[in-house]
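I opened my notebook today to get to know a new protein. Here is what I looked up, step by step.

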Amino acid sequence: MTSERSLILPAIQAILDRAANGEGLSGVLVIRLQGMREAQLRFGFDFGNEIMLAARERIVDAVRHIDTIFVAGDDTFVAVLPAIRNRTHALLAATRIVGAFDSPLLRGERPWHGRAVIGVTLYTEHGTTAELLYRRAELAHDEALRVGEPFAVYQQDVTPIEILYGELREDIEANRLHVAFQPLCDLRTGEVVRVESLARWNTRSGVEVAPADFVPFAERSDLIVQLTRWSLNASLRHTAALHRGGCPLDVAINLSPRVFVEQGFAEQMLGALEIWGVPPESAIIEITETALLTDLDMSVRVLRRLRDHGVRVAIDDFGTGYASFAYLRHFPATELKIDRSFVDAMIGDRRTELLVQAMVDVAHRLGLEAVAEGVENEETLRRLVEMDCDLVQGYHVGRPMLADEFVAERLAAASTV
């Protein structure tokens, strides 16, 4: 995508410069089609190219004749809207573009059901150069993804971190990121039996970049595959140290569905488990409920391959996405992780409490473990015990700790027993 971006930036700048001589603002919108890359990898690039052409036609029909639409990558468009009166006009354009994908695109007999997520910036409010406006539109796009909205306008106070692609790539390749472990407690024994692996990134300039910023950035670029491989091996390295030291714990690793379309990913993960000496039964893959919609068939095939070798599978953030009982029937999950938004709100809200109980019951009836996220106090913990929830995590149980320190403390405590 870098080459396309470098080619269109001068053209975008020329449009902005011409519009600057008149009245009003100009808008720069980054439009990304969710699931497009996976569709291309599954059905072929010719199919993807045809869908992109059809998508461009829909976007052109949705905007004014004076607006310009650029193809900026395999799943990305940039719209330049000169001479708009205010930000409301930019948001109306974004609304029309999102609405243009309400019905599926059809090529041959194969429909493609996609949706657009859009980041919006305004010239000159958010910058005066095409490059800066493009980057900030990307940040706004990431914010829209994070909050689950179809579009968002760049806000400095909401999206303050401007991530450089090259810096993140180099830090992943040089192993400059860190792993943190957050403990999970078994409510029946009261013991820590598992950790969730979390990525941490401090740039060389000393800036701490939150996962909520750099993980979505990696998701929309080709860096997510590198980041996932790094996270997998780094997590297993620390887990192996616990196993060798006689303090075995299970480890849960978050995976992007983007890696499932990589050739031989299941074999790569099984190979990594063997290299590090971590039993497959000690590894849990966490995948978000919403991510199942990206390519359910591909995800199921890869995860079943891993399940056949003992790796467990958790549906993360359960209750916040679109998974149905039909998905649960086919998806090879071994546990449901109840989202923190339900767990945090259930004390004092009887309706939410009943929903959490229902999720625990559904998990057990399907033969799955129920895991509650976001346990922040003793009252919530006691109520989950009464609900027969299996495992819990949250600050009341234990905060994330750098894996090096976690392993050292665990091994030191074991040596004194």
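My entries start with the whole chain and end with a single residue.

**Entry 1: what I am looking at.** I noted before anything else that this is a predicted model. I then looked up the secondary structure and found 15 helices and 17 strands.

**Entry 2: overall shape.** I checked the radius of gyration, which is 23 Å. The globule rule gives 22 Å for 417 residues, and the two values are close, so the protein is as compact as a globular protein of that length. I also looked up the span of the C-alpha trace along its principal axes, which is about 75 × 45 × 45 Å.

Entry 3: How many of the 417 residues count as buried? I found that 50% of them do. The protein exposes about 19,200 Å², and I noted that carbon and sulfur atoms supply 51% of that area.

**Entry 4: contacts along the chain.** I took the contacts with a separation of 6 or more and found that 69% of them join residues 24 or more positions apart.

**Entry 5: charges.** I looked up 43 positive and 61 negative side chains. The centres of these two sets lie 3 Å apart.

**Entry 6: one residue up close.** I picked Glu353, which sits in helix 13, a helix covering residues 350–365. Is Glu353 buried or exposed? Its relative accessibility is 13%, and buried means under 20%, so Glu353 counts as buried. Which residues does Glu353 touch, leaving out those up to four places away in sequence? I wrote down Met346, Arg383 and Met387.

Note on methods:
Residues are numbered from 1 along each chain as its sequence is written. This is a predicted model: local features need pLDDT of at least 70, side-chain atom pairs count only at pLDDT 80 or more; totals for chains, interfaces and linings use all residues. Side-chain values use heavy atoms; hydrogens and water are left out. Helices (H or I, at least four residues) and strands (E, at least two) are DSSP runs, numbered from the N terminus. The radius of gyration is taken over C-alpha atoms; the globule rule is 2.2 Å times the number of residues to the power 0.38. Buried means under 20% relative accessible area, exposed over 50%, partly exposed in between (1.4 Å probe, protein chains only). Contact means heavy atoms within 4.5 Å. Accessible areas come from the Shrake-Rupley method with a 1.4 Å probe; for residues, only the protein chains shown count as cover. Lys and Arg count as positive and Asp and Glu as negative; His and the chain ends are not counted. The place of a charge is taken as NZ of Lys, CZ of Arg, CG of Asp or CD of Glu.
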